[in-house]
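Please give a short briefing on this structure for someone who is meeting it here without any background.

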Amino acid sequence: MDHRKPTAADYGEEYYMHQCGVNDYVHNPLFIKMFNDIARILANQLHPRLVLDAGCACGHMVSAFRNLGVGAYGIDLSEYAISQVRAEHRQFCAVQSLTAELPREFPRRYDLVLCIEVMEHLTQEDGELAIARLCSYSDLILFSSSPSDTSEPTHVNVRPLSHWLRLFHRQGFHADFLSAGRVFNPQCLLLSRRLNPELEIYRAADRYWEAAARTEQLSAEIAQLRARLKS
C-alpha cells in the first residue's frame with residue numbers, strides 16, 4: 001500500500017472515470033439510481049431536514065436528497081468532482097477538506113451527516129481530526145469505511161470497524177447495530193450521540209428472544225409436518 005498522503009490531484013477525471021470502483025462514476029445511470037434509492041430510504045426512516053455529505057464526490061447524494069425536498073450540502077477535496085455536480089445543485093457543494101471548517105455559507109448543524117467510503121483515503125491523523133469535526137456537526141452519522149480494500153493506491157488508512165467505533169466512542173457516539181442503517185454495504189453503521197448503549201443491549205436481548213421463539217415455533221411446525229408425512 002502507498003502511504004503517501006493523497007492530494008486533490010489524485011482525484012481528477014481519470015480517477016472518477018476508471019479508478020473509483022465503477023466505470024464513469026459521474027454519469028453511470030445504475031450508480032445514480034442506487035443513490036436515489038438510498039436517499040429515499042434514509043429520508044423515509046430518519047426524516048432529516050438538513051444533511052451533510054462529507055466526501056460527496058460529484059454530489060449524487062446531494063442531488064438525490066434535494067430532489068426529495070431535503071436540504072442537502074456536500075464537501076469534497078476534488079475540484080474535478082465538484083465541477084461535475086449537477087448545475088442546479090452545485091451551489092450546495094464546495095471544494096473542502098474534511099479536516100477543515102465548513103464553508104461560511106453552509107449551515108453549522110445537521111440532522112444527519114454522511115461519510116461513506118472516505119476515511120480510508122485520509123491519513124490516520126487526518127482521519128481522527130475529520131471524525132472529531134463530523135461529530136461536531138450532528139448527533140447522527142451514517143458512516144462506512146472499507147475494512148479490507150488495500151488495492152487502491154489512495155486507500156492509505158484501511159482499518160477494521162472496531163478502530164472507527166473507538167474513535168466515535170471518544171466523541172460520545174455509539175453504533176445502532178439493529179438499525180437499517182447498512183444501506184450502502186455491510187460495514188455501514190448508523191452512529192448516534194443520543195443512543196443509550198445499555199438500552200441497545202436490552203433491545204438486542206428482545207430481538208434475540210423473538211428470533212429464538214420463532215425458531216422454536218418453526219421447529220414444532222416442521223415436526224408436525226414430518227409426523228403427517230409418515231402417517
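The briefing below starts with the overall make-up and then takes the topics in turn.

This is a predicted model, in which local features need pLDDT of at least 70 and side-chain atom pairs count only at pLDDT 80 or more, while totals for chains, interfaces and linings use all residues. Residues are numbered from 1 along each chain as its sequence is written, and side-chain values use heavy atoms, with hydrogens and water left out. The protein has 7 helices and 7 strands, where helices (H or I, at least four residues) and strands (E, at least two) are DSSP runs numbered from the N terminus. Along the sequence these elements follow the pattern α-α-β-α-β-α-β-β-α-β-α-β-β-α.

**Overall figures**

- Of the 231 residues in the protein, 45% are buried, a word that here means under 20% relative accessible area, with exposed meaning over 50% and partly exposed in between (1.4 Å probe, protein chains only).
- Among the contacts in the protein with a separation of 6 or more, 63% are accounted for by residues 24 or more positions apart, a contact being heavy atoms within 4.5 Å.

**The sheet**

- An open sheet of 7 strands, with mixed pairing, has the order β3-β2-β1-β4-β5-β7-β6, and two strands are taken to pair if DSSP finds at least two bridges between them.
- β3 (93–95) and β6 (174–175) stand at the edges with a single partner strand each, so one side of each has no neighbour in the sheet.
- Strand β2 (residues 71–76) runs parallel to β3 and is joined to it by 3 bridges, with Ala94 in β3 as the bridge partner of Ile75.
- β4 pairs with β1 in the parallel sense over 3 bridges, where Leu114 in β4 is the bridge partner of Asp53.
- β4 is also joined to β5, to which it runs parallel, by 4 bridges, and Ile116 stands opposite Ser144 in β5.
- β4 is mostly covered, with 5 of its 5 residues buried.
- In a regular strand the side chains alternate between the two faces of the sheet.
- In β4, Leu112, Leu114 and Ile116 point one way while Val113 and Cys115 point the other way, and all are buried.

- The buried residues in α3 are His60, Met61, Val62, Ser63, Ala64 and Phe65, and they pack against α2, β1, β2, β3 and β4.
- The axis of helix α2 (residues 29–46) comes within 9 Å of that of α3, and the two cross at roughly 50 degrees.
- The two helices α2 and α3 are therefore oblique to each other, given that angles under 35 degrees count as roughly parallel, over 145 as roughly antiparallel, 65 to 115 as roughly perpendicular and the rest as oblique.
- Where α2 and α3 meet, Ile32, Phe35, Asn36, Ile38, Ala39, Leu42 and Ala43 in α2 face His60, Met61, Ala64 and Phe65 in α3.- By class, this contact of α2 with α3 has 9 nonpolar, 2 polar and no charged residues, where Ala, Val, Leu, Ile, Met, Phe, Trp, Tyr, Cys and Pro count as nonpolar, Asp, Glu, Lys and Arg as charged, and the others, Gly among them, as polar.

**Helices α5 and α6**

- Helix α6 (residues 161–170) lies across β5 (140–144), β6 and β7 (189–192), and runs at about 15 degrees to β7.
- Helix α5 (residues 124–137) packs with α6 at an angle of about 45 degrees, their axes being 10 Å apart.
- The contact is made by Gln124, Glu128, Ile131 and Cys135 of α5 together with His163, Trp164, Leu167, Phe168 and Arg170 of α6.

**Backbone points in the loops**

- Ala57, in the loop between β1 and α3, has a positive phi of about 55 degrees although it is not a glycine.
- Glu117, in the loop between β4 and α5, also has a positive phi of about 55 degrees.

Methods. Axes fitted to C-alpha atoms, helices over the stretch in contact; angles between N-to-C directions.
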